[in-house]
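Please examine the structure shown here and work through the questions that follow.

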Amino acid sequence: MSNQGFLLAEDAAVKRRFSNISVTDDREQTRVAKVFFRYPEGETEREYPFITIENIGIAHDRSRQHSEQTYYFSAAGSASAGPAYVNYFPSELDAAGMVSALGNSPFLAFDSFVPVILMYQVTTYARSALHDRQLTSKMLKRVTPFRRGFIEVPEDNTIRRFDLMSWGNSDLLDGEAAYRKRIFRKVYSIQMTAELPASDYYALKQVTSVVGTITNADNENPTVFTTPFSEDF
Amino acid sequence: MYKAYSNLTRTSSSKSFIPGNLITLESFEKIEETYLQALSIAIEKALEEYEAEVQAMASQEENWGDLGSSLSVIFDKTDFSISVGISGDENTVNQAMELEYGTGLIPPNPMLRNAALGVTTEFPVILSRYV
């Protein structure tokens, strides 16, 4: 998966989630609702039903913030077993991507990620009450169920929370039809967890040898000291 | 104070007998009540500050403008819940809802939902100054 980066990867995941939602009626067996980012511009012909996605907010999620520490990645070696081992880079690299980024270096290092909440408004538009009901049913039952919402972001191979916070009825009168026809509209407010890298990743060189001298300053039993020493790794 | 609960009967029945000194138990309840009262006062003070912040932020938004002062943050003492709403006549509420969710012609500008989100992200920081 190409490394799209913060917001682009999340937007793509959200669009995938709402694609391929279909409705049916006595005139057409399957009508797949098109998905747009923001309300389609005037020149775009609107075919109902359709769905719009809007990112309406980003907030620092302090409750998920960890103490600052440096994270490490290595394909093998001591860092792999440590608590600071992380095998993805948010919205950009999964484990395989990290190995590629590693190249010939033994370790990658990067600062802690900043946890954020992304708020999305997803809106369904339908011309008929039947389509509106079908969309609502599918959305609440399968696409964004209460309590069990999650979404996969393949760019970094993470599974994120994707919680439906609220949904509401917000019907409109259609201006194109001289405000005589109703557009059935449902508004879903959804929260998605994400992380912002606080720094770029950088390669670390491995220590190859430690050379030093320990001095017996207090004339203690010299058998516990090794002087001088050189240890190769 | 905790002695009243040190030999608490481990049962799910609401009628289970709690051995211990009754006076100690009453003292514990009194402390709990005092604590909840103090917490309620702190939450109310912090909410006043948070509401002013939300209103100021909304008033700076292009479309919200004067409507910003209609935003209210409400604390329900019975279940310790906090909600964000809009106060005013029907026209004010309708106008606010159009701005909140958008109409197709205007994009959504979710001051209410962002304020509600702020109750879990920003409000605890304000509250920590009062408790």
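**The interface and the salt bridges**

The area buried between chain B and chain A is about 1300 Å², in a model that is predicted.

Q: What percentage of the area buried between chain B and chain A do carbon and sulfur atoms give?
A: Chain B and chain A bury about 1300 Å² between them. The contact draws 18 residues from chain A and 14 residues from chain B. The share of the buried area given by carbon and sulfur atoms is 59%.

Q: Which three residues supply more of the area that chain B buries against chain A than any other three?
A: Chain B brings 14 residues to the contact with chain A. Three of them supply 39% of the area that chain B buries there, and they are B:Y101, B:R113 and B:L117.

Q: From which element does the largest share of the side of chain B that touches chain A come?
A: Two helices of chain B, α2 (90-101) and α3 (111-121), each supply at least two residues of the side that touches chain A. The largest share amounts to 4 residues, and its source is α3(B).

Q: How many residue pairs are in polar contact across the interface of chain B and chain A?
A: By class, the side of chain B that touches chain A has 3 charged, 5 polar and 6 nonpolar residues. The count of salt bridges between chain B and chain A is 0. For polar contacts, with both residues at pLDDT 80 or more, the number of residue pairs is 6.

Q: Why does A:T52 count as buried?
A: A:T52 is placed in strand β4 (residues 50-60) of chain A. Beyond residues up to four places away in sequence, A:T52 touches several others, among them A:F36, A:Y39, A:V122 and A:Y125. Buried means under 20% relative accessible area. A:T52 counts as buried because its relative accessibility is 0%.

Q: How many residues apart are A:R160 and A:E10?
A: A:R160 and A:E10 form a salt bridge whose closest N and O atoms are 3.0 Å apart. The pair links distant parts of the chain, with A:R160 in strand β9 (residues 158-169) and A:E10 in helix α1 (residues 8-18) of chain A. Both residues are buried. Their separation is 150 residues.

Q: Which residues are linked with A:R160 in a network of salt bridges?
A: Over all chains, the whole structure holds 13 salt bridges. One of them joins A:R160 to A:E10. The network that includes A:R160 also links A:E10 and A:D156.

Q: Is A:R133 buried or exposed?
A: The side chains of A:R133 and A:D132 meet in a salt bridge, at 3.6 Å from N to O. A:D132 is buried, with a relative accessible area of 2%. Exposed means over 50% relative accessible area. At 56%, A:R133 is therefore exposed.

Q: Which parts of chain A does the pair of A:K186 and A:D132 tie together?
A: The closest N and O atoms of the salt bridge between A:K186 and A:D132 are 2.8 Å apart. Both A:K186 and A:D132 are buried. Because A:K186 and A:D132 lie in separate elements, the pair ties together parts 54 residues apart in sequence: strand β11 (residues 182-197) and helix α4 (residues 129-143).

Key:
Residues are numbered from 1 along each chain as its sequence is written. Chains are lettered from A and ligands numbered from 1 in the order in which they are written. This is a predicted model: local features need pLDDT of at least 70, side-chain atom pairs count only at pLDDT 80 or more; totals for chains, interfaces and linings use all residues. Side-chain values use heavy atoms; hydrogens and water are left out. Contact means heavy atoms within 4.5 Å. Buried area is the accessible area (1.4 Å probe) that two parts lose on being put together, summed over both. A salt bridge is a side-chain nitrogen of Lys or Arg within 4 Å of a carboxyl oxygen of Asp or Glu. A polar contact is a pair of N or O atoms within 3.5 Å; within protein, one must be able to donate a hydrogen and the other to accept it, and residues adjacent in sequence count only if both atoms are side-chain atoms. Ala, Val, Leu, Ile, Met, Phe, Trp, Tyr, Cys and Pro count as nonpolar, Asp, Glu, Lys and Arg as charged, and the others, Gly among them, as polar. Buried means under 20% relative accessible area, exposed over 50%, partly exposed in between (1.4 Å probe, protein chains only).
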